[in-house]
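Take a moment to turn the model around on your screen. The report below walks through some of its contacts, one place at a time.

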Amino acid sequence: MSCMCIEKRTELLHHKFGIAASAEQKVIALAGNPNTGKSTVFNALTGLNQHTGNWPGKTVGNAQGTFTHKGQSFLLVDLPGTYSLLPNSVDEQVARDFICFGQPDVTLVVVDATAMERNLNLALQVMEITDQVVLCVNLMDEAERKGIEINIADLSKKLGIPVVATAARQKRGLEELQERLLDVACGNIVPDPFMLRYSQEIEQAISELELKLTPLLKGALKARWVALRLLDGDDTLLQDIERYMTEEPLQDPSLGREQEVSPSWPQA
Amino acid sequence: MAKKVQNAVPLSELVPGSKARVLTLSAEGMVRRRLLDLGVVPQTIIECVRRSPIGDPTAYRIRGTTIGLRKDDAKQIMVEPIIE
């Protein structure tokens, strides 16, 4: 997010998400379905440079870790494993909030190579929210054992985002993964994610809403995605926009409660 | 416009070992959302894997993952059994 002042983001990450990123660090959100080896990827990338705690005010664990690639420091934030980013549960809401409002430089989506059909649902949802996406097809070793072949180059072309095959347990593909993260974080690669088109009626409604939303959002969120959520009747998004995107805390008693939660890092 | 299908049954009536193709989803709200996220969309093939000792919930194989569904939720998924 080049349009956003880095200092402001550092502050936002610290206060709203309990994450301490330094100004020069690139922030990567790590998303994925449960059981895709997401945590293995996290551990393989960050090694022992980790810090675990909770999301502020939520009983959902969060892990943050750092790694350096070619002199660039990265802060990797492990999000809860979810099947979806539509906020049915606290886990899903945490994951969505961070991708939407935490302004990560890149969102890395880890998918299970043996269950692509199920896993790509989440990837498509992330791609609706942000263009800054890298896909990591993990558990390639298991897929090979099961005789599953995945055409990575074709997948990357169809999705319009960098795709890397990994077997994090054997530390395979991690070098390339770091390379692609650096590419996207620094703008060497500008992903152009495939956009899911809905039925004509829905598309019509989206374009009407987009017209009104674009000037309001000022590029902070994708108007198309917000339009879709509004059509979905998702009220939580409106509350979240108020919580994360308004400059001054509103004089609303329900927001007052949020402020009592310590914004500092939970002590391990 | 619902297409009439001769042998539409609720998923809950599938016996362990049999398979069916999803026709429609009558669940609403959160349950509907959840089922769609788990990959229960029309045309999906679901296999009934096994029933728990008390008869509820039942494990189903959906798009490569085994998922337990309560009878009340499975009732809201209309399927067409696949005879092999």
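## Where the two chains meet

Arg34(B) and Glu92(A) form a salt bridge, and their closest N and O atoms are 2.9 Å apart. Keep in mind as you look that this is a predicted model. Between chain A and chain B, the count is two salt bridges. Another salt bridge joins Arg63(B) to Glu117(A), with the closest N and O atoms 2.7 Å apart. This pair crosses between chains: Arg63(B) sits in the loop between strand S4 (58-62) and strand S5 (65-69) of chain B, while Glu117(A) belongs to helix H4 (residues 116-129) of chain A. How accessible are the two partners? Arg63(B) is partly exposed, at a relative accessible area of 22%, and Glu117(A) is exposed, at 53%.

Now step back to the whole interface. Eleven residues of chain A touch nine residues of chain B. About 950 Å² of area is buried between chain A and chain B, and carbon and sulfur atoms give 41% of that area. On the side of chain A that touches chain B, H4(A) gives the most, with four residues. Sorted by class, that side of chain A has three nonpolar, four polar and four charged residues.

## The sheet of chain B

In chain B, six strands form an open sheet. Strand S1 (9-10) and S5 of chain B are the edge strands, each pairing on one side only.

For Arg61(B), the bridge partner in S5(B) is Thr66(B). The loop between S4 and S5 of chain B is also where you find Arg63(B), the residue that reaches across to Glu117(A).

## Salt bridges within chain A

Over all chains, the structure holds 20 salt bridges. The general idea is simple: side chains of opposite charge can pair when their charged atoms come close. In chain A, Asp141(A) forms a salt bridge with Arg169(A), and the closest N and O atoms are 3.4 Å apart. Asp141(A) lies in helix H5 (residues 140-145) and Arg169(A) in the loop between strand S7 (163-165) and helix H7 (174-186), so the pair ties together parts of chain A that are 28 residues apart in sequence.

## Around Glu203(A)

Glu203(A) is found in helix H8 (residues 200-217) of chain A. Glu203(A) forms a salt bridge with Arg197(A), the closest N and O atoms being 3.0 Å apart. The side chains of Glu203(A) and Arg197(A) are likewise joined by a polar contact of 3.0 Å. Glu203(A) is buried, with a relative accessible area of 13%, but Arg197(A) is exposed, with 56%.

What else does Glu203(A) touch? Leaving aside neighbours within four places in sequence, Glu203(A) is in contact with Leu196(A), Arg197(A), Tyr198(A) and Arg224(A).

## Around Ser156(A)

A last stop is Ser156(A), in helix H6 (residues 152-159) of chain A. Ser156(A) is partly exposed, with a relative accessible area of 21%. Beyond its neighbours within four places in sequence, Ser156(A) is in contact with Ile161(A), Pro162(A) and Val163(A). A polar atom of the side chain of Ser156(A) lies 2.8 Å from the backbone oxygen of Ile161(A).

How far is Ser156(A) from Cys100(A)? The two are 56 residues apart in sequence and 23 Å apart in space, C-alpha to C-alpha.

Conventions: Residues are numbered from 1 along each chain as its sequence is written. Chains are lettered from A and ligands numbered from 1 in the order in which they are written. This is a predicted model: local features need pLDDT of at least 70, side-chain atom pairs count only at pLDDT 80 or more; totals for chains, interfaces and linings use all residues. Side-chain values use heavy atoms; hydrogens and water are left out. A salt bridge is a side-chain nitrogen of Lys or Arg within 4 Å of a carboxyl oxygen of Asp or Glu. Helices (H or I, at least four residues) and strands (E, at least two) are DSSP runs, numbered from the N terminus. Buried means under 20% relative accessible area, exposed over 50%, partly exposed in between (1.4 Å probe, protein chains only). Two strands pair if DSSP finds at least two bridges between them. Contact means heavy atoms within 4.5 Å. A polar contact is a pair of N or O atoms within 3.5 Å; within protein, one must be able to donate a hydrogen and the other to accept it, and residues adjacent in sequence count only if both atoms are side-chain atoms. Buried area is the accessible area (1.4 Å probe) that two parts lose on being put together, summed over both. Ala, Val, Leu, Ile, Met, Phe, Trp, Tyr, Cys and Pro count as nonpolar, Asp, Glu, Lys and Arg as charged, and the others, Gly among them, as polar.
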